Amino acid sequence: MLYREAGQFKASYAEDSQIFPIRQDKIGFWLLMLAFGVAVPLLANEYWLKAILIPVLIFSLAAIGLNILTGYAGQLSLGSAAFMAVGAFAAYNFILRIEGMPFLVAIILAGLTAALVGILFGLPSLRIKGFYLAVATLAAQFFIVWALVKFPWFSNNSSSGVVTAQDVTILGYTFATPEAKYVLTFLIVAFMALLAKNMVRSSTGRAWMAVRDMDVAAQVIGFRLMRTKLLAFAVSSFYCGVAGALYAYTYIGTVEPEGFNLDLSFKILFMIIIGGVGSIMGSFLGAAFIVLLPIFLDNFVPMIFGDSLGAGFVSNFQLIVFGGLIIFFLIVEPHGLARLWQIAKEKLRLWPFPH
Amino acid sequence: MKLKQTVLLGAAMAGLLASSVTSAAEEQFIGLPSYRVGPYAAGGVGIFGGWIDYMQLINERDGGVNGVKLTWEECETEYNNARGVECYERLKKKGSTGNTLFQPVSTGITYSVLEKVAQDKIPMVTIGYGRTDAADGRVFPWVFPMITTYWSQASAIVNYMGQKEGGMDKLKGKKIGLLYHDSAYGKESHAIMDKLAAKHGFEVIKIAVAHPGNEQQSQWLQIRQAKPDYVVLWGWGVMNPTAIKAAAKTGYPREKLIGVWWSGAEEDTVPAGAAAKGFVAAGFNVAGANYPVVADIKKHVYGKDKGNMEDKSRIGSVYYNRGVVHGIITVEGIRKAQEKFGKGKSLTGEQMRWGLENLNLDDARLKALGATGFMPPLKITCADHEGPGKVKFQQWDGTQWKAITDWVESDRPLVRGMIEESAAAYAKEKGIKPRDCSKES
């Protein structure tokens with residue numbers, strides 16, 4: 001009833017090619033931005049900011065990174081966590097070794113470093129595809145973590161290999177409170193998500209999708225495969241690198257190579273599969289699902305069963321439910337939560353008279 | 001469906017009522033970031049089981065600490081740093097005075113909350129893991145790597161070898177293999193072993209094992225070629241039984257293979273079977289159920305069917321007893337702090353910190369607790385948050401661990417020097433001004 005675009009006419013190409021062509025969507029989007037950008041930092045408590053919202057945002061960014069590579073350009077990757085590690089350690093070293101390095105510049109440089117490493121490990125994609133490429137990126141995962149442990153220079157000769165992130169200071173203001181850190185993370189993630197959304201709607205994104213759908217055909221009609229694929233690797237790793245730097249600086253506060261292990265790579269992959277492959281919004285939904293569901297279960301399951309079952313059973317039961325829910329969602333909607341949202345919107349346009 | 005909902009609702013209401021009743025009395029809340037699933041669940045179930053059982057014992061036998069009941073809540077971390085941070089944040093405001101003590105039982109989580117505990121004023125105790133240089137209490141007032149640290153352990157292991165050889169001077173010219181888990185944890189051994197090697201004139205052969213370590217053929221080939229006099233097994237998880245089995249296969253005497261405390265539990269030796277017989281490992285607690293404290297737990301906790309362990313045969317195992325040590329330190333810290341801030345009152349994190357900093361578990365106190373020989377006597381001061389730095393060596397006789405030494409000292413001046421040097425570097429990097437311990441009361 002409310003969700004109708006009747007009477008909204010597009011008079012120019014610019015209007016027709018907006019991200020949100022329907023007015024209700026636009027209003028909804030800005031309300032959401034206001035809610036998360038203004039209301040949340042004012043209202044949410046420390047626990048919600050530090051333990052839930054910041055990680056969801058950061059993992060969303062990493063998921064966007066992987067979605068660009070896997071969802072849009074069709075190159076399967078299992079190295080996302082390693083590129084996050086590159087970003088985190090690069091940001092640490094830039095700030096440590098260059099006097100007066102501004103934080104935002106360090107973040108961008110960290111992303112660029114990750115992009116360079118990403119291009120390097122993306123080279124095999126020119127010759128191999130699919131699962132074979134996944135194995136090649138698996139090598140990136142192991143090699144990068146190994147190298148970060150092996151060469152103490154990366155961690156400034158810390159005996160345990162763990163480094164503590166420096167304070168985040170921009171223009172003399174130190175982002176110390178959870179609210180400040182949240183706002184900073186939110187702004188960076190929102191900006192980069194917008195950038196990603198526009199990138200995949202532009203000719204760059206169309207080139208990626210052409211390569212994804214059939215690379216031989218794409219080559220025949222004039223897309224340069226090497227450029228397109230390596231660009232996808234670079235952009236994807238850039239996003240993962242920035243996510244890694246934020247993970248270190250606004251979330252955990254410490255960086256250790258083992259924190260960025262294969263498990264995390266898989267987690268990011270699950271995020272985009274659950275959220276929706278080839279969807280920016282799906283990255284957010286998937287990250288929220290994978291990060292929040294275990295926490296929700298950990299609170300919810302003991303509330304129902306109490307202590308009667310023993311903590312060991314409760315912990316294992318949560319994993320079973322978590323796995324079960326993933327399978328359930330994939331059966332109900334193999335194209336992810338983003339697709340569910342899209343279906344809901346289509347239904348809503350017809351509601352309440354579907355015939 | 002309807003019936004089910006009503007039952008669930010009723011149960012939830014009952015739960016709410018019950019929790020509001022208990023909070024009326026004085027309580028001391030302890031948050032437990034446990035891990036009962038995931039790759040390290042075997043250790044987690046034992047440690048957190050022992051810790052919970054000891055707190056249950058205090059509640060059941062003594063009615064709490066001077067009448068203050070201990071309350072706790074578990075939060076599953078899966079040994080994952082991000083989950084650990086979430087648990088820390090979730091638990092920190094629970095209970096009447098908030099979480100008063102955080103023991104992550106994970107080095108990764110320790111590092112992740114290292115700066116947060118100082119801001120939130122919650123003391124963190126890390127027994128046998130975590131950040132070694134936090135033993136300098138002047139730089140790290142809120143962190144207590146108690147009993148012993150990795151560096152003290154390495155030094156104690158070398159001292160044990162010296163004892164075996166009949167004097168530290170006999171170590172000159174010897175070769176010591178260091179088979180380590182190729183991770184930050186394993187590399188923690190390098191600096192201290194290099195220093196000890198230079199001091200005593202032995203040679204260290206460092207051999208890395210990649211995680212998880214279930215394939216060690218090339219490493220043991222290297223050991224066979226180098227023929228070291230001892231091999232230190234600085235392992236973790238599946239790497240330990242694999243190393244023990246590989247040692248048996250290569251014919252390396254198990255008596256010369258010396259594990260660290262994360263390599264010396266039943267979970268490491270039982271899977272290796274007969275090959276593990278004779279294997280020696282260090283530990284800051286011993287195995288065995290024949291200590292009065294463990295007997296009391298069996299009587300007062302399991303006697304009333306309130307025990308935490310599902311597998312009761314693990315009571316008295318290395319990890320379980322390690323959990324009991326965690327419990328003893330928790331409770332004794334509370335007891336000490338109550339002496340200063342009022343008996344029978346709930347404590348804040350700040351008060352708890354004082355209690356931990358003035359902890360003194362001498363022989364008499366350990367005897368009263370029924371833990372003589374169970375753990376080393378422990379005295380914490382403002383400057384020294386570590387304590388004795390002693391370990392006991394146990395040998396696996398094929399069915400159980402047997403202590404073969406008394407508490408073995410570490411090279412205190414050397415280790416302390418390294419700790420202070422490293423802590424000073426941290427203080428400089430972070431702009432922390434170390435406390436003046438002569439002004440602390």
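A crossover counts as right-handed if, with the strands pointing away from the viewer, the path from the first strand over the helix to the second runs clockwise. In this predicted model, such a right-handed β-α-β unit is made in chain B by strand β1, helix α2 (residues 41–62) and strand β2. The points below begin with that unit, go on to the sheet and the domains of chain B, and then turn to chain A.

**The seven-stranded sheet of chain B**

- An open sheet with mixed pairing is formed in chain B by seven strands, whose order is β6-β5-β7-β8-β9-β12-β13.
- The edges of this sheet are taken by β6 (203–209) and β13 (401–403) of chain B, each of which has a single partner strand, so one side of each is left without a neighbour in the sheet.
- From one strand to the next, the twist of the sheet averages 25°.
- Strand β5 (residues 175–181) of chain B runs parallel to strand β7 (residues 230–234) of chain B and is joined to that strand by five bridges, with L178(B) standing opposite V232(B) in β7(B).
- β5(B) also runs parallel to β6(B), to which seven bridges join it, and here H181(B) stands opposite V209(B) in β6(B).

**Helices that pack on the sheet**

- Helix α5 (residues 150–165) of chain B packs on the sheet, where it touches β7, β8 (257–259), β9 (280–283) and β12 (392–396) of chain B, and the direction of this helix makes about 135° with that of β9(B).
- Helix α6 (residues 184–200) of chain B likewise packs on the sheet, touching β5, β6 and β7 of chain B, and its direction makes about 160° with that of β5(B).
- Together with β5(B) and β6(B), helix α6(B) makes a right-handed β-α-β unit.

**The two domains of chain B**

- Chain B is divided into domain 1, which comprises 25–148 + 288–389, and domain 2, which comprises 150–283 + 393–419.
- The centres of domain 1 and domain 2 of chain B, taken over C-alpha atoms, are separated by 28 Å.
- Between these domains of chain B, 16 residues of domain 1 are in contact with 19 residues of domain 2, and the residues on the domain 1 side divide into seven nonpolar, six polar and three charged.

**Where chain A meets chain B**

- Contact between the chains involves 29 residues of chain A and 31 residues of chain B.
- On the side of chain A that touches chain B, α3 (46–72), α12 (280–305) and α13 (311–332) of chain A each supply at least two residues, and the largest share, six residues, comes from α13(A).
- By residue type, the side of chain A that touches chain B divides into eleven nonpolar, 13 polar and five charged residues.

**E5 of chain A**

- E5(A) has its place in the segment before α1 (13–16) of chain A.
- Because 13 other C-beta atoms lie within 10 Å, E5(A) is partly exposed.
- Although E5(A) and P21(A) are 16 residues apart in sequence, they are 9.1 Å apart in space, C-alpha to C-alpha.

How values were computed:
Residues are numbered from 1 along each chain as its sequence is written. Chains are lettered from A and ligands numbered from 1 in the order in which they are written. This is a predicted model: local features need pLDDT of at least 70, side-chain atom pairs count only at pLDDT 80 or more; totals for chains, interfaces and linings use all residues. Two strands pair if DSSP finds at least two bridges between them. Helices (H or I, at least four residues) and strands (E, at least two) are DSSP runs, numbered from the N terminus. Axes are lines fitted to C-alpha atoms, for helices over the stretch in contact, and angles run from 0 to 180 degrees between N-to-C directions. Two residues are in contact if their C-beta atoms, placed from the backbone, lie within 7 Å. Domain bounds come from an automatic or database domain assignment. Ala, Val, Leu, Ile, Met, Phe, Trp, Tyr, Cys and Pro count as nonpolar, Asp, Glu, Lys and Arg as charged, and the others, Gly among them, as polar. A residue is buried if 20 or more other C-beta atoms lie within 10 Å of its own, exposed if 12 or fewer, and partly exposed in between; C-beta atoms are placed from the backbone.
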